[in-house]
Amino acid sequence: MDTSQTVSRRRLQVVADADPGAIARVVERFQNLNIVPRRITAEFSSNEMLHIEVDVCGIPDEQLTLIAGKICQASCIINAYWHRLD
């Protein structure tokens, strides 16, 4: 595996309805893969949406794309996408 790939930081950004289970649905995708995120934040916005950010390291882009796709399958999730932090 490419060394730059293993140390690159990525952020998954999720927008969800104000559902109490939304955070758990996002985190469980990482738990199922035995991945411990570097940081997780969730904020309830003024437009009554929940914004969740999950920072990870060492996960290939393809795997993050699959994770985001699986997260989007939950009915309370409006959008999920990732981007590079460095």
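Which residues does tyrosine 81 touch, not counting residues up to four places away in sequence? I will come back to that in a moment, after a word on what we are looking at. This is a predicted model, in which local features need pLDDT of at least 70 and side-chain atom pairs count only at pLDDT 80 or more, while totals for chains, interfaces and linings use all residues. Residues are numbered from 1 along each chain as its sequence is written, and side-chain values use heavy atoms, with hydrogens and water left out.

Let me begin with the whole protein. Its secondary structure comes to three helices and four strands, and along the sequence these follow the pattern α-β-α-β-β-α-β. Helices here are DSSP runs of H or I with at least four residues, strands are runs of E with at least two, and both are numbered from the N terminus.

As for overall dimensions, the C-alpha atoms fill a box of roughly 40 × 25 × 15 Å, taken along the principal axes. The radius of gyration is 13 Å, which agrees with the value near 12 Å that a compact globule of 86 residues would have; this radius is taken over C-alpha atoms, and the globule rule is 2.2 Å times the number of residues to the power 0.38.

Of the 86 residues, 34% count as buried, where buried means under 20% relative accessible area, exposed means over 50%, and partly exposed lies in between, with a 1.4 Å probe and protein chains only. The accessible surface comes to about 5300 Å², and 50% of that belongs to carbon and sulfur atoms; the areas come from the Shrake-Rupley method with a 1.4 Å probe, and for residues only the protein chains shown count as cover.

If we look at contacts between residues at least 6 apart in sequence, 73% of them join residues at least 24 apart, a contact being heavy atoms within 4.5 Å.

That brings me back to the opening question. Tyrosine 81 is found in strand S4, residues 77–84, and, leaving out residues up to four places away in sequence, it touches Arg11, Leu12 and Gln13. Tyrosine 81 counts as partly exposed because its relative accessibility is 39%.

Alanine 80 also lies in strand S4, but this residue counts as buried, at 10% relative accessibility. Again not counting residues up to four places away in sequence, alanine 80 touches Gln13, Val14, Ala68, Ile71 and Cys72.

Staying with the strands, arginine 10 has its place in S1 and is buried, with a relative accessible area of 1%. Which side chain does the side chain of arginine 10 meet in a polar contact? The partner is the side chain of aspartate 61, at 2.8 Å. A polar contact is a pair of N or O atoms within 3.5 Å; within protein, one must be able to donate a hydrogen and the other to accept it, and residues adjacent in sequence count only if both atoms are side-chain atoms.

In helix H3, residues 61–72, we find glutamine 63, which is partly exposed, with a relative accessible area of 28%. Leaving aside neighbours within four places in sequence, glutamine 63 is in contact with Leu33 and Ile35.

Now to the loops, starting with the one between strand S2 (39–44) and strand S3 (49–57), where serine 45 has its place. Serine 45 is buried, with a relative accessible area of 17%, and its side chain makes a polar contact of 3.4 Å with the side chain of histidine 51. Glutamate 48 sits in the loop between S2 and S3 as well, but glutamate 48 is exposed, with a relative accessible area of 57%.

Most residues other than glycine have a negative phi. Asparagine 34, in the loop between H2 and S2, likewise has a positive phi of about 60 degrees without being a glycine, and asparagine 34 counts as exposed, at 71% relative accessibility.
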